[in-house]
Amino acid sequence: MKELLRKILTPKKLDLSLDLAVAIPRIVYGYLLTAEFGSPKFGLPWSDPDKNLGLFEVAFWFPNDVAEYGGIFAMMPAFLAWMAAFSEGVGGIAWILGFQTRIFSFLIFCTMLVVVFVHQIQYGYWNMLPGMGILWISAISMVAGSGRFGLDFITSKLLSK
Amino acid sequence: MRLLLAFLICLTALSCVQKSHDQTVTVTLDVSEIPDIKTVGVRGSDKPLSWREDFEMKPLVKDSLYTATFSGKTGLLFTEIKFVVNGEFEFKDQDNRRVVFDKSKKTIYQAKFNKIN
């Protein structure tokens, strides 16, 4: 178990320029995810008080929107809405910190798959682009991990001692 | 890993969906100062209202006083609206009206077109 945890945690060894290339978009989009996309629908300390959201509560309207996608989304809309909002709101912070980067990248990847191919596809390719951008960053972060600019780098060093 | 899973399960168990309740809002609009009234409507940020099309208001007193009632489930403490007469918005490039919900779940809001209450 510890070995698996270490594998998930340990970033790929890349040179400095590649580490920067992985970290900069991850940190920028991490900020946007938590501040702009996550906080209006997920209760975080920086959510707008006008939204009347309790801590870690998903907005009342979001499960209804998720249920409208049909299929598995209609079967467990509250759980899937919560997970999507959590992956944006909390995953965004994790991306900024480089904390459990692969796990949160996986959650964000799943969320963005739905955003792009279930929600935005009806509005055309142009509207799919922002979600796709985050999708690619999450895919790269799943493979590379945090790089040296993240807590995972420090934690994996400590674990390997 | 176990810690993270436990943390996620705890978060899911402790928190969930924002509480919501039915809210009915009745708006009344005084348009007595506007000549030649053709259509009167209200637009807003929460369903069943939208910013794209009028929610029709019916005359209480023709060419003077119009009303509409709408309801829906909400978790918010207020909603934002603007009135539209003959297709023209009030308060152009200004903040929306903020209708604060009454705790009785039935809110009555009276206004005069383009005038702050």
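Guide: Begin with one residue: B:His21 lies in strand β1 of chain B. Helices (H or I, at least four residues) and strands (E, at least two) are DSSP runs, numbered from the N terminus. This is a predicted model, in which local features need pLDDT of at least 70, side-chain atom pairs count only at pLDDT 80 or more, and totals for chains, interfaces and linings use all residues. Residues are numbered from 1 along each chain as its sequence is written, while chains are lettered from A and ligands numbered from 1 in the order in which they are written.

Visitor: Is B:His21 buried or exposed?

Guide: A residue is buried if 20 or more other C-beta atoms lie within 10 Å of its own, exposed if 12 or fewer, and partly exposed in between, with C-beta atoms placed from the backbone. B:His21 is exposed because 10 other C-beta atoms lie within 10 Å.

Visitor: Which residues is B:His21 in contact with, leaving aside its neighbours within four places in sequence?

Guide: Contact here means that the C-beta atoms of two residues, placed from the backbone, lie within 7 Å. On that basis B:His21 is in contact with B:Lys73 and B:Lys105, neighbours within four places left aside. The C-alpha atoms of B:His21 and B:Leu76 are separated by 9.2 Å, although these residues are 55 apart along the chain.

Visitor: How should I read strand pairing?

Guide: Strands of a sheet pair through backbone hydrogen bonds, either parallel or antiparallel. Two strands are said to pair if DSSP finds at least two bridges between them. Strand β1 (residues 21–30) and strand β5 (residues 65–74) of chain B pair in the antiparallel sense over 10 bridges. Within that pairing, B:Gln23 has B:Gly72 in β5(B) as its bridge partner.

Visitor: What is the order of the strands in the open sheet of four strands?

Guide: The order is β4-β5-β1-β9 (chain B), with mixed pairing. Its edge strands, β4 (58–61) and β9 (106–112) of chain B, each pair on one side only.

Visitor: What do side chains do along a strand?

Guide: In a regular strand the side chains alternate between the two faces of the sheet. β2(B) pairs in the antiparallel sense with strand β6 (residues 78–85) of chain B over five bridges, and with strand β3 (residues 55–56) of chain B over two bridges. B:Gly41 stands opposite B:Val84 in β6(B) and opposite B:Glu56 in β3(B).

Visitor: How many residues does each chain give to the contact?

Guide: Chain A gives 17 residues and chain B gives 15 residues. On the side of chain A that touches chain B, the elements giving two or more residues are α1 and α5 (77–97) of chain A.

Visitor: How far should I trust the coordinates?

Guide: Where pLDDT is low, the predicted coordinates should not be read in detail. pLDDT is the predictor's confidence in each residue, from 0 to 100. Chain A has a mean pLDDT of 95, and 100% of its residues reach 70 or more. Chain B has a mean of 90, with 88% of its residues at 70 or more. In chain A, confidence is lowest in helix α1 (residues 2–9), at a mean of 85, and highest in helix α6 (residues 101–119), at 97. The model scores ipTM 0.78 and pTM 0.82.
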